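Work through the exercises below with the structure in view. Try each task before you read its solution.

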Amino acid sequence: MKKIWIILIALVVVAAAVVFFVVRARIEEKVVNIFNWEDYINEDVLGMFEEETGIKVNMMNFTTNEDMLVKVRNSPQSFDVVFPSDYAIERMISEDLLAEINFENVPNLQYIDENLLNPGYDPGNLYSVPYMWGTVGILYNTTMITEPVTSWGAIFDPQYQDSVLMLDSPRDSIGLALKYLGYSMNTRDPLELNDAKDLLIKQKKDGIVKAYQVDEIKDKMAAGEAAMAVIWSGDAQYAIELNGDLHYVVPEEGSNIWVDGMVITKAAKNKENAEAFVNFLCRPDIAQMNCEEIWYSSPNTEAVAMMGEDYTGNPTLNPPAEIVANCEVLLDIQDFIEVYNTVWLEIKSATAN
Ligand code: N2P
């Protein structure tokens with residue numbers, strides 16, 4: 001009888017110890033919560049980071065800056081590292097949503113192109129590290145569109161019925177219409193905005209728009225399902241890799257050139273893990289892995305050097321200086337963004353004639 005009691009007590013002690021260690025391991029599990037664009041990182045990189053650091057990556061995705069901003073405002077503590085574009089970083093700084101990065105934990109910043117540091121959207125470079133950059137342009141299928149496309153006018157031409165995939169992103173699509181009309185993409189002038197709205201509603205009513213989409217565009221273009229698309233440069237290159245009939249152009253009226261950064265929220269629960277993640281993504285071999293998977297332009301000078309002529313000689317990834325000079329950077333237009341958002345909804349809900 002005594003033996004049975006001893007065995008029972010021993011079992012209870014062992015079980016309690018197991019529960020204790022499991023619970024403690026859970027509590028101590030190191031994590032980092034990432035909020036990134038769809039299809040914007042090489043998945044293998046996440047596994048490598050987890051293996052090297054023991055920090056588990058939770059990945060959540062968004063499709064546009066506007067979509068991301070709503071979610072971060074509503075629940076800032078849910079995200080440690082976020083990947084906003086330039087103008088959205090500017091917005092997040094002014095809304096006090098971001099933490100200053102401790103750059104002692106990000107030594108790989110040394111590999112980032114100096115020309116992209118201390119940018120207008122983050123004066124003093126306190127809050128962000130550039131991740132990728134690119135342009136907005138037109139991707140077209142040369143078997144369906146036989147004349148070379150040079151102007152935004154092509155996506156407003158009624159001869160191209162049911163042919164154009166438009167980017168479902170207010171700053172991008174209203175921005176290109178403004179640019180076509182000779183206005184700034186950052187205008188706060190209601191009359192200019194109205195002209196852009198009329199042009200985009202006409203495009204819809206004329207039956208030119210096939211769909212308003214974001215991340216599906218690259219696959220549809222690769223599959224030959226549409227003749228033309230408004231697209232970000234990396235998604236264009238991704239589709240070109242799959243379909244050699246596709247060609248990317250930044251129209252002559254100019255376009256948007258952008259930088260997406262990595263930022264850490266002020267409410268981050270895992271700030272040091274977040275800094276470790278940012279640092280990992282700045283490591284040249286990792287930056288190269290990401291660049292060659294998602295085909296955006298890398299700000300990492302070492303990675304660019306390793307990619308060589310394939311990268312530097314490709315005008316989609318590395319546009320000539322005169323094209324860059326003709327492009328505009330998006331700025332935070334503060335509360336006027338609400339007007340853009342409303343205009344964009346009106347355009348999308350206009351019915352075709
Ligand atoms: C989407 C990545 C887009 C980044 N796949 C545009 N700033």
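**Exercise 1: Two domains**

The C-alpha centres of domain 1 and domain 2 lie 28 Å apart. The contact takes 18 residues from domain 1 and 29 residues from domain 2, where contact means heavy atoms within 4.5 Å. This is a predicted model: local features need pLDDT of at least 70, side-chain atom pairs count only at pLDDT 80 or more, and totals for chains, interfaces and linings use all residues. Residues are numbered from 1 along each chain as its sequence is written, and side-chain values use heavy atoms, with hydrogens and water left out.

Task: find the bounds of the two domains and describe what they bury between them.

Solution.
- Step 1. Domain 1 covers 9–132 + 258–316, and domain 2 covers 134–257 + 325–349. These bounds come from an automatic or database domain assignment.
- Step 2. The two domains bury about 1900 Å² between them, 54% of it on carbon and sulfur atoms. Buried area is the accessible area (1.4 Å probe) that two parts lose on being put together, summed over both.
- Step 3. On the domain 1 side, Trp-258, Trp-295 and Thr-316 lose the most area to domain 2, together 35% of what that side buries.
- Step 4. The rule finds 2 salt bridges across this interface. A salt bridge is a side-chain nitrogen of Lys or Arg within 4 Å of a carboxyl oxygen of Asp or Glu.

**Exercise 2: Lys-179**

Task: decide whether Lys-179 is buried or exposed, and list its contacts.

Solution.
- Step 1. Locate Lys-179 in helix H5 (residues 170–180). Helices (H or I, at least four residues) and strands (E, at least two) are DSSP runs, numbered from the N terminus.
- Step 2. Recall the cut-offs: buried is under 20% relative accessible area, exposed over 50%, partly exposed in between (1.4 Å probe, protein chains only).
- Step 3. Lys-179 has 14% relative accessibility, so it counts as buried.
- Step 4. Leave aside neighbours within four places in sequence; Lys-179 then contacts Trp-152, Met-185, Glu-253, Gly-254, Ser-255, Asn-326 and Glu-328.

**Exercise 3: Helix H4**

Task: which residues of helix H4 are buried, and what covers them?

Solution.
- Step 1. In H4 (residues 86–94), the buried residues are Asp-86, Tyr-87, Ala-88, Ile-89, Arg-91 and Met-92.
- Step 2. Their cover includes helix H3 (65–74), strand E4 (128–141), H5 and strand E9 (257–264).
- Step 3. After H4 comes Asp-96, with a positive phi near 60°.
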